Number of protein chains: 2
Amino acid sequence: MWYVWCVLLLYFSICCLSSIIMWVLNNSRAAAEAEAVAEISCSGHGIASLDGFFGNGNEPVCECNTCYKGPDCSNFIPHCTANADRYHPATHDMMNNSLCLHSTSSALVVSGWNGMSYTYNDNTFFSQQLERLIHKLHAFVGNAITRNRYIVFGAGSTQVLSAAAYALSLQNTSSQSPTRVVASIPYHTLHKDQMEYFNSEKFKFEGDPYTWKNRSDGTANVIEFVTTPNNPDGRLSGAILDGPNVKTIYDRAYYWPHFTPIPAPADEDLMVFTLSKLTGHAGTRFGWAIIKDETVFNRMVTHMKMNSLGVSKDAQFRAFKLLKALLEEGTGIFDFAHRTMKRRWERLAAIISSSNPYAWLKCEREEDKDCYEVLMAANIIGRRGNVFGSEDHYVRLRPPLA
Amino acid sequence: MWYVWCVLLLYFSICCLSSIIMWVLNNSRAAAEAEAVAEISCSGHGIASLDGFFGNGNEPVCECNTCYKGPDCSNFIPHCTANADRYHPATHDMMNNSLCLHSTSSALVVSGWNGMSYTYNDNTFFSQQLERLIHKLHAFVGNAITRNRYIVFGAGSTQVLSAAAYALSLQNTSSQSPTRVVASIPYHTLHKDQMEYFNSEKFKFEGDPYTWKNRSDGTANVIEFVTTPNNPDGRLSGAILDGPNVKTIYDRAYYWPHFTPIPAPADEDLMVFTLSKLTGHAGTRFGWAIIKDETVFNRMVTHMKMNSLGVSKDAQFRAFKLLKALLEEGTGIFDFAHRTMKRRWERLAAIISSSNPYAWLKCEREEDKDCYEVLMAANIIGRRGNVFGSEDHYVRLRPPLA
């Protein structure tokens, strides 16, 4: 039973992260343009887009909540299908929460000449100021040891995770065969998709680590992805494999107090975090890795150079401003996020008890082999279990967005 | 002789691009924080960093020009070595140019809730507003045909170029051997480094296309990188190879009126441009490809998804604001950049005639096998010819930054 609750908690929480925008909603120091954008109401069913405001003929463009459309989000879409699959923080209707009024400014002003160079004063791609702030953040939250650790930034945890896989594979150059990359089922589809897409001579995705446990060929080089808490099922999992040839990449995206209790700071060799699951700012594309080994750090820096010549300074400016606002709020932001999640969780539980779907759903009837189709018939979009290496008797759901 | 001048022009122009910041320097509509940053003088030898201003204890952090250091750039570094290798637009001392006063505002204000979602309203990673602006820009400048073409954004041309290589290699799945990737000597080191780093089963860097011209094995799949105007030597080069199995990626980074005459709009199957060589904003990491073929477009979109789940919206906001300011200025920006380059070119020519180094330098004496070391002895850092597939009798120089 705890398992079901855990699953529900994680799913609900992923979806409600955008609530945190309330803590970053004060534009008292921002200029007229931003204020004008804020004044666009989008009929109460969307958020005015900055990019839209500056667009063709200065017409506002609204990003509409689910089930609404039109330039000002005033048109309700009849028979709207609830999308419980993808994460759309900006579509939530968070603008009316009174907490906005008390939040620290997170508005950012960038002048024409800011951040022009590829690098910073120290010839790196990474802002020292932002790095110091990330150290402070983890010390404050207590979710990771960062003292005497190296930090690498990337375009979201997506880019950081593949950088880590390249860096750890390169360590095993003596081997002729590619490094095996494994992740426990159900795994985050990204791990599999990325490894199969890049399809390097250096690594191959080989599925579940249990397949390789206690095998005699201990010489094979292995990278295990451990997502903890796990996406999609919320497990607080650990590594399955160990040994001198096993490297582990810990995806710690959900290791924040609004998702899970934090009994102790994590202290693994290589841990990955992302802004999207902390403040909800997925569009900024900002993630970071905390690394013990200097060689691995240097290889990840090389990866960032080869891949995109560093990380957008605009994304770094933004991350800096958001994390600073977050730290100025203290623990309040996590308390608030936790309360919001609890309320939504209760709401989801009520929906579940009345309508009978689940967050990590198993269609129990033998004939319901394709659980996804069963739900589609009820206008609910989930994601097939096979996407996570599981069977199609299972479906992953996110809670409704409205 | 035209060749030497062409080389000089290109090198000088790369280095002076940052002058364009003058056109984007008006912060009349920007808020107090940005104004406060602007008021930090950095002793006249640097630019105040936005990120620094928001840093530890709100102390300003200056990005110092070459040969200056210290928190306010007041310390001159004795026996300073001129770095003619790397591109540092932000380190130029452009702040005093009177054109600043007349420029259109390029200041950007981003509120806490802007751009939170991974995607835009149309479920893509790319802003339609920005795409429309890029169409306008090319139509205005007349340097590329974009009508009925697809556009993909990436984290600088760096990421866009590798996306193109992946996309074109994937087209050749019937072949067992990897696609050959070639680039005429001297080539941009990035092309070689990226292909060798990613080292996919799909492609292998094979050096100069002349090696493969008129070879009998016409079945081999080939990708040719054509940088035109070329980096490092400024040639207006074309493709060397053709045939049904040859795909060409045109790196058009320098195809703007301040670098070269534009006799006609370019109209190749796949062309890559970048903000860094247009406005000098290298740190934003924003580049784009213009593509004829829908399948190639879709593959490049997939690459962006696998690599970094799209492009930072903050980088897209910034690019939008800068390109809008640029278009509002009309041709003036290119005239200004051209004038500035001409002035610097004349200055470089004077330096050359008095001190005897060159922009694409050949050390003619047989004993000067390592031209890089010869220059280092004179406190000038260049880049070895072998980095471009050439001999170490050659060195690539950028003009002095101050």
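## Basis of the model

Because the model is predicted, local features need pLDDT of at least 70 and side-chain atom pairs count only at pLDDT 80 or more, while totals for chains, interfaces and linings use all residues. Residues are numbered from 1 along each chain as its sequence is written, chains are lettered from A and ligands numbered from 1 in the order in which they are written, and side-chain values use heavy atoms, without hydrogens and water.

## Chain A overall

Chain A contains 10 helices and 17 strands; helices (H or I, at least four residues) and strands (E, at least two) are DSSP runs numbered from the N terminus. Of its 402 residues, 59% are buried, where buried means under 20% relative accessible area, exposed over 50%, and partly exposed in between (1.4 Å probe, protein chains only).

Contact means heavy atoms within 4.5 Å. Among contacts in chain A between residues at least 6 apart in sequence, 71% join residues at least 24 apart.

## The seven-stranded sheet of chain A

Seven strands of chain A form an open sheet with mixed pairing, in the order β7-β13-β12-β11-β10-β8-β9. Two strands pair if DSSP finds at least two bridges between them. β7 (150-154) and β9 (203-205) of chain A are at the edges with a single partner strand each, so one side of each has no neighbour in the sheet. From one strand to the next, the twist averages 25°.

β7(A) pairs with β13 (residues 287-291) of chain A in the antiparallel sense over five bridges, and Gly154(A) stands opposite Gly287(A) in β13(A). Two helices lie across β7, β12 and β13 of chain A: α4 (residues 128-141) runs at about 110° to β7(A), and α7 (residues 294-308) runs at about 20° to β7(A). Axes are lines fitted to C-alpha atoms, for helices over the stretch in contact, and angles run from 0 to 180 degrees between N-to-C directions.

Beyond its neighbours within four places in sequence, Met300(A) contacts residues including Val152(A), Leu270(A) and Ile291(A).

Helix α6 (residues 189-198) of chain A is largely enclosed by the rest of the structure, because seven of its 10 residues are buried. Among them are Leu190(A), Met195(A) and Phe198(A). In chain B, strand β11 (residues 246-251) has five of six residues buried, so it too is largely enclosed. β11(B) pairs in the parallel sense with β10 (residues 222-227) of chain B over six bridges, with Phe225(B) opposite Ile249(B).

## Two buried residues

Gly385(A) is in the loop between β16 (383-384) and β17 (394-396) of chain A. Gly385(A) is buried, at a relative accessible area of 0%. Leaving aside neighbours within four places in sequence, its contacts include Trp360(A) and Tyr394(A).

Asp314(B) lies in helix α8 (residues 313-329) of chain B and is buried at 4% relative accessibility. Beyond neighbours within four places in sequence, Asp314(B) is in contact with Thr284(A), Asp314(A), Ala315(A), Arg318(A) and Val110(B).
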